[in-house]
Amino acid sequence: MDRNYLLFVPSLLSRAEEIKYTVSDWDKEYFGAQTNEAVSKYLIDYLQRTGQKLYKIIMLCTNEVLEQRLEQIGGKTTYQYYCEKIMDFLKKAGLSVDKDELFVSIPYFPQENDSIDQIMEPLEEIIKNTENNNEHQKLYVDFTGGIRSAALTLVFACRILQSYGIKVEKILYSNIGTRKIEECTRTYRLFDYLSIQLEKEYDNEMRIVEYLNYELEEKDKQRIFELIERWKRINKAKRTNRTEDFTREVKELSEYQDVKINQFGVRSIIEHIINENKEVEVIKENKLEDIDVLKVGHHGSSTGTIQKFLDIIK
């Protein structure tokens, strides 16, 4: 069975009265006082009709949502109110769910100054809560409400989770103006189209990264690169069952040669040399050092490795 995740930034409850929402081509109405409540109820029904269920509801919560007690809902916090309403809805639908396993609250502290930290720190927690060996994972996102920077955080999280193999299935929001739960998944797919165009324009991974991050500070670039390296290791492990064999072979090699080992296997290893043009660029930038292992390109290439490059690193 698919593992289905719902991700959103909950809004602080501002009214006690419930609002009725409808869904196009759907024969049911959904009520909610808290902004994200109706979308969550609709998604539970949608999944149930297709024989699925929500695995986790992941919420990026501000301090106000988690701690501010509101008189209009009996002194409860917005987070408590939302969880209770969803658990009541699940019970009425005949679904038995462990509350502690279903709801995941991740602290979200938007900063006054534009900072990558407000995205990267919660993103790490999202990744921890979605990492597993299940091949069938789907993400549903509610863009309703939240503070203004929340939308950028959610988009960035979607892109990263997609690279980890999680399919973005639906993007939803509750339109208080029309009182409808609407879908904007097709609009989100424009990001996929953009990614394809970037890959066509920039013929290797490192150039894409340089293009996307040219305005970032060095420390922020490093965090992006670490994220990409983590993604590459995960995908490599998924594609092959020889990961343990490779690690064992490197360790055996270290018994006979001065190969430096760390948690990733080999410390001094060059993996991103694409062709002779890239090798010339690396030589000019004087980034080479003595290495223990060189991972060469595929055999049969006429532009694989130049002699000058080999002379420097040997």
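Predicted model: local features only at pLDDT ≥ 70, side-chain atom pairs only at ≥ 80, totals over all residues.

Visitor: How do you know that the span of helix 3 agrees with its 15 residues?

Guide: The expected span is 1.5 Å times one less than the number of residues. For helix 3, residues 78-92, that gives 21 Å, and the end C-alpha atoms are 21 Å apart, so the two agree. Just after helix 3, Gly94 takes a positive phi of about 80 degrees.

Visitor: Why is Leu13 called buried?

Guide: Buried means under 20% relative accessible area, exposed means over 50%, and partly exposed is in between (1.4 Å probe, protein chains only). Leu13 has 4%, so it counts as buried. Its place is in the loop between strand 1 and strand 2. With contact meaning heavy atoms within 4.5 Å, Leu13 touches Ala33, Gln34, Leu70, Gln72, Ile73, Thr78 and Tyr81, leaving aside residues up to four places away in sequence. Over the chain of 314 residues, 39% count as buried.

Visitor: What makes a group of residues a nonpolar core?

Guide: They must be buried Ala, Val, Leu, Ile, Met, Phe, Trp, Tyr or Cys, joined through side-chain atoms within 4.5 Å. The largest one here has 30 residues, and Ile57, Met59, Tyr82 and Phe103 touch the most other members. Strand 1, strand 2 (19-23), helix 1 (37-49), strand 4 and helix 3 each supply at least two residues of this core, with helix 1 giving the most, seven residues. Not counting residues up to four places away in sequence, Ile57 touches Leu6, Phe8, Tyr82, Ile86, Leu102, Phe103 and Val104. Apart from this core lies another, of 26 residues, with Leu7, Ile127, Leu139 and Cys158 among them.

Visitor: Which are the edge strands of the sheet?

Guide: The sheet is open, with eight strands in the order 3-2-10-9-8-1-4-7 and mixed pairing. Strand 3 (29-32) and strand 7 (103-107) are the edges, as each pairs on one side only. Neighbouring strands are turned by 25 degrees against each other on average, direction ignored.

Visitor: How do you know that strand 8 and strand 9 pair?

Guide: Two strands pair if DSSP finds at least two bridges between them. Strand 8 (residues 137-142) and strand 9 (residues 167-175) have five, in the parallel sense. Tyr140 has Lys170 as its bridge partner in strand 9, and Val141 has Ile171. Strand 9 and strand 10 (residues 180-183) pair over four bridges, in the antiparallel sense, with Ser174 standing opposite Ile181.

Terms used. Residues numbered from 1 in each chain as written. Heavy atoms only, no water. Axes fitted to C-alpha atoms, helices over the stretch in contact; angles between N-to-C directions.
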